[in-house]
Protein chains: 2
Amino acid sequence: MRLIRKEQSDRLSFMIGRLSRGVETSVHCFLKTGVSWMQEGRRIIKLNTKTADSKTASEKLPKPIRYSFILKELSENPYRQFRLQYFADKWNTSKSTISEDLAEIERYLQTAREGKLLTTAGAAGGVMFQPYFGPEDLQRLKEELCRRLQDTDRIIVGDLLYMNDLFYDPNLLEKMSKGILSYYDLSTIDYVATIETKGIPLATRIAGLANKPLVIIRKRTVLTEGTSLYKNYTDSSSGQIKTLTVSLKAVHRGSRVLFVDDFMRAGGTANAVKDLLKELDTELAGIAVVMVTGAPRQRAIDNYQALVEYDGVRDGKIRITPR
Amino acid sequence: MRLIRKEQSDRLSFMIGRLSRGVETSVHCFLKTGVSWMQEGRRIIKLNTKTADSKTASEKLPKPIRYSFILKELSENPYRQFRLQYFADKWNTSKSTISEDLAEIERYLQTAREGKLLTTAGAAGGVMFQPYFGPEDLQRLKEELCRRLQDTDRIIVGDLLYMNDLFYDPNLLEKMSKGILSYYDLSTIDYVATIETKGIPLATRIAGLANKPLVIIRKRTVLTEGTSLYKNYTDSSSGQIKTLTVSLKAVHRGSRVLFVDDFMRAGGTANAVKDLLKELDTELAGIAVVMVTGAPRQRAIDNYQALVEYDGVRDGKIRITPR
């Protein structure tokens, strides 16, 4: 049961109005003046202070549970800032208690390699959770990718590999997203972008874990995108002229964008994305792909991260190695 | 620091082999026989029992921290089953302690509407976390969607609305995904499917929260999908013949699929998906969209869920209501 403590009586009617629009809620509102309201289902009941107070006392959570619920909410919402007062109100305790709780959680989080709490002081301050994905996790992930990609059933035609299933597996997608994010300092990134279609699941999860908006660059005109910027470029592998387009509503000028994709060969597409972003007065903060080909060594772009390297098929074996 | 307790000496060399392939790990392995190994970086050091034991004692977590770390891992991985022994090994305690911890967490989780622990007994048993998204959360989400969709800047052409930004906002995407999942019993779903392109972020997050594989149905031939099933259908709004295609590797025969998309008008596409899935010997477990149009009332499919209803633009106002 969630408690909402109200300090000012003039806002109470508004709050009750807002609460009653929900269904099946059961929320208490009480004032310092001693008048209390409680909502059960669609009914609003007036309570005396005593009832409200005795309710309050029983709402206090044991310390292990309070710790668990605070860390749960923080870790379920990585990089989202929460005010200490939010937890104090939600779990019916003082801000200083929450502050002590967080300090103790933080002490153990780092030692156990379970994450980190980032605290900012001041009026706009608060706390947010940073997931941990260390070098040993990254190495294990790359080895798992190589193992899974070595299956010769994956060879489609020429030396193309079927790898979509990697992005369709929610556990592996989670690890690849955390792995790619571990290369970057998130304070230097405002958006996570990709090109339709195969990179979208990866970019979606990376954006979610980084708590940054997603940008999807499309390969053709789509009515529902609204006013868009178009850019043509020559595809380095086919020699064809291709188009990239992005909605003007999708990205703010002056922002920094992390571009992610499933696969990169010569980097022609990534380079075209870089040019497109420049036209929008935005900056490319980084390029990350799951798989990069060994050749060509000389690429249109230079600053990129990749999890595994693919060197084609030789003697019926898929040659793939951690980067 | 993570402790791995080994019961059988014959598996130790294997484990150390596995550990040493990682980098920067610092893991202890010790045996009941009193011989212990510790790995720091790439070195493996032999320790005496005393050292190992004193290390062990200092590794015991305080109860509030142990509770927090257990619930954190469970809630970060919704619907993924964990064995109790896993937590016992990881946090250096007994299985019965973990069992007691989980029972107490569960008691408070449900009252606080923070989720639920699903426990299965037996050799293959374990525990998994089910997120909570109640009717009051669903109502609040629908109202937020209506508020955000009422902005007249969204009108593109005719009565089309720009709504991609909803899926690009990680917080809203999380809520929409939880909201849609709250309609379904997950034990009846094996896959989460969508059609490229706009539904992919939503389907990706729903699949992640449900811990089910994702299936992306495409509108045209793509080389990298491998052997695929094609199906043509007549689009009810344009009268054009369109194609749907799905990789044979994407879905197992006999499974049940939840189809999700951003938007539905007459339901012609959803109906074509239903037919396509039937050809694959799979069953449509449900259809869910974020926005459905008010007209036509008679649709090609009947069993669907929608978060909001859109009734076009009248007198310059976007008419959108919670469903």
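Modeller: Let's begin with the surface of chain A, which exposes about 14700 Å², with carbon and sulfur atoms supplying 48% of that area. Please keep in mind that this is a predicted model. Within chain A there are ten helices and 14 strands, and 52% of its 323 residues are buried. Of the contacts in chain A with a separation of 6 or more, 56% are between residues 24 or more positions apart.

Now to the meeting place itself. Here 70 residues of chain A are in contact with 69 residues of chain B. The area buried between the two chains is about 6300 Å², and carbon and sulfur atoms give 59% of it. Three residues, A:E114, A:Y168 and A:T224, supply 11% of what chain A buries against chain B, more than any other three residues.

Next, the polar side of the story. Between chain A and chain B, 15 residue pairs are in polar contact, and four salt bridges cross the interface. On chain A, the elements that give two or more residues to the side touching chain B include α3 (63–76), α5 (95–111), α6 (135–149) and α9 (200–210). The largest share, ten residues, comes from α3(A). Sorted by class, this side of chain A has 32 nonpolar, 16 polar and 22 charged residues.

Among the buried ones are A:I200, A:L202, A:R205 and A:L209. Just after α9(A), A:N211 takes a positive phi of about 55°.

Let's zoom in on a single lysine now. Where does B:K90 sit? You will find B:K90 in helix α4 (residues 84–90) of chain B. Is B:K90 buried or exposed? B:K90 has 8% relative accessibility and therefore counts as buried, since buried means under 20%. The side chain of B:K90 meets that of A:E114 in a salt bridge, with N to O at 3.0 Å. So what else does B:K90 touch? Its side chain also makes a polar contact of 2.8 Å with the side chain of B:E73.

On chain A, the side chains of A:E73 and A:K90 meet in a salt bridge at 2.8 Å, N to O. This pair links distant parts of the chain, with A:E73 in helix α3 and A:K90 in helix α4 (residues 84–90), 17 residues apart. Both A:E73 and A:K90 are buried. A network of salt bridges links A:K72, A:E73, A:E76, A:K90 and B:E114, with members from chain A and chain B.

Finally, here is a pair within chain B. B:R113 forms a salt bridge with B:E136, and their closest N and O atoms are 3.4 Å apart. B:R113 lies in the loop between α5 (95–111) and β5 (116–120) of chain B and B:E136 in helix α6 (residues 135–149), so the pair ties together parts 23 residues apart in sequence. B:R113 is partly exposed at 32% relative accessibility, whereas B:E136, at 6%, counts as buried. Over all chains, a search of the whole structure finds 42 salt bridges.

How values were computed:
Residues numbered from 1 in each chain as written. Chains lettered and ligands numbered in written order. Predicted model: local features only at pLDDT ≥ 70, side-chain atom pairs only at ≥ 80, totals over all residues. Heavy atoms only, no water. Contact = heavy atoms within 4.5 Å. Buried area = accessible area lost by both parts, 1.4 Å probe. Polar contact = N/O pair within 3.5 Å; in protein donor to acceptor, adjacent residues only side chain to side chain. Helix = DSSP H or I, 4+ residues; strand = E, 2+ residues; numbered from the N terminus. Nonpolar A, V, L, I, M, F, W, Y, C, P; charged D, E, K, R; others polar. Buried < 20%, exposed > 50% of the residue type's maximum accessible area, 1.4 Å probe, protein only. Areas by Shrake-Rupley, 256 points an atom, 1.4 Å probe, with all protein chains shown as cover.
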